[in-house]
Amino acid sequence: VQSASAVEIEALGPAGFDFEGAYAVARVSGRRTAPQVSSAVGPRLQLVMPVKEYDTIFMTVESVTLPLQHGPTNWRVTTYSLLGEETVLKDRATFAGFIISGRITVSRATAFTGAIPDAILGRDAVDLTMDMDSTAPLHAGDVFRVAMYGAGDRGFQLYPQSATLHGPAGELVASWLCSRPPPLPDGGSGASGSGGNAQGGPDCLSGFSAGSVFFNASTAVYSGAADGAVPTRMIPMLLNTSVPERQQMRLHLTVRTPPDRTAFLLERWNISVFRGANDTRTTLVSTNDEFQLPLAVVTLLPLEPRPLAPHRPPLVVAEVILVLDPLDTGADAFAVTVPQGFAGFSRVCSDPLRNNVTNFRCRAFGAPALATGERLPPPGEGPGYPRARLDCGPGAGVECMRQEPVVVLVGMPRTTPPPEKNIWFVEATTEADPVPVGDEVAVGQMIGRREIVGFDLSPMPVAVVYSSSPSVAIDVAVYFHNRVPVPRLGAILISAPLSLVSFRCGSVTRGMVRPLSPLSILRCEDSGLAGTLFVRLVLNATLQPRPHLIAVPAETAASTTGVGSNVFEVLLRDAGGRDLDVALNIPGEPLLQGLRASVWPLMWQYTAPTSPGSKQQITVPLEVINDGDVSVHGILIALPPSMVLAGQIDLNTAQGNAGSLPQEGVSVSPKRNSFLVRLGGTKRLMRGMYLLRFGVSAPQDMPAFNLWRVALCGEAMTTDADACVLGELPGEGRGAAVLSVFALAGHDPLAAPQGAQPAVTGKARTCRPGAAGQAFSWLVLLLPLLGATGHGPLGL
């Protein structure tokens, strides 16, 4: 009213206003001016601003700190005239101002994408939960509004029909406004009114004025979807009960997440409560001021390519190739977790001997977790850590690895995990806070993730061949094909089941361990009479990657009751004991009760080879120790793959005190490297010694796999004449009729035996190839002279 030269603005309440640092701009009767701040302390702001009587002043004060306490504000404005040092009061007015809204604080936000406890980017139907409270009390009838700003259609999309707000005991506090009758124009509620719809139809907001918070152009657009199944950017919810200040609330939403991290970072969540929302005089009761929501979203990393391990037998420390892509995460590191059951990462899990073109680092961390039964190696040695951090160096992030193959060292498990557990967990992470120092290894928050299906183990190809007849001395033929070289002084470790009585470097009856393929052994060690059975063969030269064959003398048990698992294991180790190639759980032969028989070592008649294919005579001694209770329908003899039968087969049978073999005929395989004697009669082998004698073409060189096999076949031959068959290599092509296979170390066709073959009396029957069905029942007698040869059962 009166002219003045200074203005004082004072906030009378609530306490907490602070004008320090504030400034003002004003229009005085249409003239723009910037008043000078003479004092700004606490709730008082003093300005030097000349005004005339009846000037109209519109003033904006910027950068004012508002009080924490919510409620209506009270103000006093005073004008003065400055006359020298004297201050003269001119005008003063006290009035009520705006309302200080309460603060909504979101203490925690969690999300589930299906069963995954993260908010995955680019996914629909993500369940989002927020825990919050308000410093201002909320009243029944208030509107609780969630609105999104920033990324537009690429941002979060909210599904209204699933939106609910709950109290601390789980009671429903508010739900989507359109799921209930709209409020009446007078602020009440009813089943109808102003075009409303009791079921929340398309006009469920018609009770609100066009100036309400739902139609204000400055807010997010509301779609007005009738059923709430169409996502929108804003959800109004109506409180059906009051909520005291600071009481915990939980908001449940179903959302569609942004497609990428760029859109997510543009998003702002505005969570506000309004009173009188159906009137133009809407009051903001409480808000989160669009503060950053404590919600971490996770980028779904690529599924391909999967981890690849070219050489992956059990138990070895294998090279695993990973191709990782952080996408848009801006990650500082990757964290990789091996599947359950794996022995884990070495402490330093990148191979320093491999050409590391990406210059990445791999360092294991986490609590050591090993496969069941495995020991934890000393610190700094071997695998044992379930997680590893991969990065490009201190502060260098992960860009050097983007879509580039990197090789890490991982300890393999004993067996491939089941499919539901054979999962590699890859995370893109931020830097740990605080940043680890020295040898410490850690990662920060996960910002990208993927569960990737792992690979199956590839054990070393191994087969064992031996007779399962009870309580007999046998040879166990162990065939293996190593995929990596084993250096000199490395070892071949073969463990046997306790269903064998002995498994040693040598025995009185079967001789010493013999390589049946080119193999140089420095020495043999065995377990002796310990509770385990194994032989350890120390190599005298590098074992090259190729198939190998070894015969180990052993003895079968009379019974397998209480002996545990019937499996073999073959482990190839370097001189330091590190596994290089491994095969576990190789099934042994089940004990064949009712047929106790033995095939003694081969005997042969040496003939100096004068030309390719010179004939040598071979004798296979088959001893039936007890009268058989198991029907034997055929005897199959398989030669080494490089050896063939001579033009004719002279077959003689001999017996000690039993009758003749009930033969029905002999057939020869097309490759002439095996023949089958089919038995007739009772098909029971009687106690005694039987000699099977025939000719072979002597090879010019030692056979690469110098293994002979003698198979006894059962009654499955009656329904399938071809069921008595063996493949060329051990463990391959075994027919359904095969009851038991005797493994015999082959002879040296270029060297003479130490004694003569046993004399045979009686007649012989000559069988030409394909002469199946010809009967022959001639007997020969095994003379005691056999004991003088050094090769028969008596001499051994």
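**Labels and their cut-offs**

Author: Thr73 is found in strand S7, residues 71-83. Strands here are DSSP runs of E with at least two residues, and helices are runs of H or I with at least four, both numbered from the N terminus. The model is predicted, so local features need pLDDT of at least 70 and side-chain atom pairs count only at pLDDT 80 or more, while totals for chains, interfaces and linings use all residues. Residues are numbered from 1 along each chain as its sequence is written, and side-chain values use heavy atoms, with hydrogens and water left out.

Reader: Why is Thr73 called buried?

Author: Buried means under 20% relative accessible area, exposed means over 50%, and partly exposed is in between (1.4 Å probe, protein chains only). Thr73 has a relative accessible area of 0%, so Thr73 is buried.

Reader: What makes the pairing of the Thr73 and Trp75 side chains a polar contact?

Author: A polar contact is a pair of N or O atoms within 3.5 Å; within protein, one must be able to donate a hydrogen and the other to accept it, and residues adjacent in sequence count only if both atoms are side-chain atoms. The side chains of Thr73 and Trp75 make such a contact at 2.9 Å. The Thr73 side chain also reaches the backbone oxygen of Phe98, at 2.6 Å.

Reader: Which residues does Thr73 contact, leaving aside its neighbours within four places in sequence?

Author: They are Gly13, Pro14, Phe17, Phe95, Ala96, Gly97, Phe98 and Ile100. Contact means heavy atoms within 4.5 Å.

Reader: How do you know that Cys349 and Cys362 form a disulfide?

Author: A disulfide is a pair of cysteine sulfur atoms within 2.5 Å. The sulfur atoms of Cys349 and Cys362 are 1.9 Å apart, and the pair forms a disulfide. The structure holds 4 disulfides.

Reader: Why is the disulfide of Cys349 and Cys362 called left-handed, and what does the pair tie together?

Author: The torsion about its S-S bond is about -95°, so the disulfide of Cys349 and Cys362 is left-handed. Cys349 lies in strand S22 (residues 344-350) and Cys362 in strand S23 (residues 361-365), so the pair ties together parts that are 13 residues apart in sequence. Cys349 is buried at 0% relative accessible area, and Cys362 is buried at 2%.

Reader: What makes Cys400 partly exposed?

Author: Cys400 has 24% relative accessibility, so Cys400 counts as partly exposed. Its partner Cys392 is joined to Cys400 by a disulfide, S to S 2.0 Å, and Cys392 is buried at 15%. The link of Cys392 and Cys400 has -100° about the S-S bond and is left-handed.

Reader: Where do Cys505 and Cys524 lie?

Author: Cys505 and Cys524 form a disulfide with their sulfur atoms 2.0 Å apart. Cys505 lies in the loop between strand S31 (500-503) and strand S32 (506-507), and Cys524 in strand S35 (residues 521-526), so the pair ties together parts that are 19 residues apart in sequence. Cys505 is buried at 8% relative accessible area, whereas Cys524 is partly exposed at 29%.

Reader: Which residues touch the most other members of the largest nonpolar core?

Author: Of its 42 residues, they are Met130, Phe144, Leu253 and Trp269. Strands that each supply at least two residues of this core include S9 (102-112), S11 (126-134) and S12 (143-149). A nonpolar core is a set of buried Ala, Val, Leu, Ile, Met, Phe, Trp, Tyr and Cys residues joined through side-chain atoms within 4.5 Å. A second, separate core of 39 residues includes Leu301, Leu322, Val336 and Phe455.

Reader: Why is Gln403 called exposed?

Author: Gln403 has a relative accessible area of 54%, so Gln403 is exposed. Gln403 is found in the loop between strand S24 (387-391) and strand S25 (405-411).

Reader: What joins the side chains of Gln403 and Asp325?

Author: A polar contact of 2.9 Å joins them. Leaving aside neighbours within four places in sequence, Gln403 is in contact with Val323, Leu324 and Asp325. The C-alpha atoms of Gln403 and Leu324 are separated by 5.5 Å, although the two residues are 79 residues apart along the chain.
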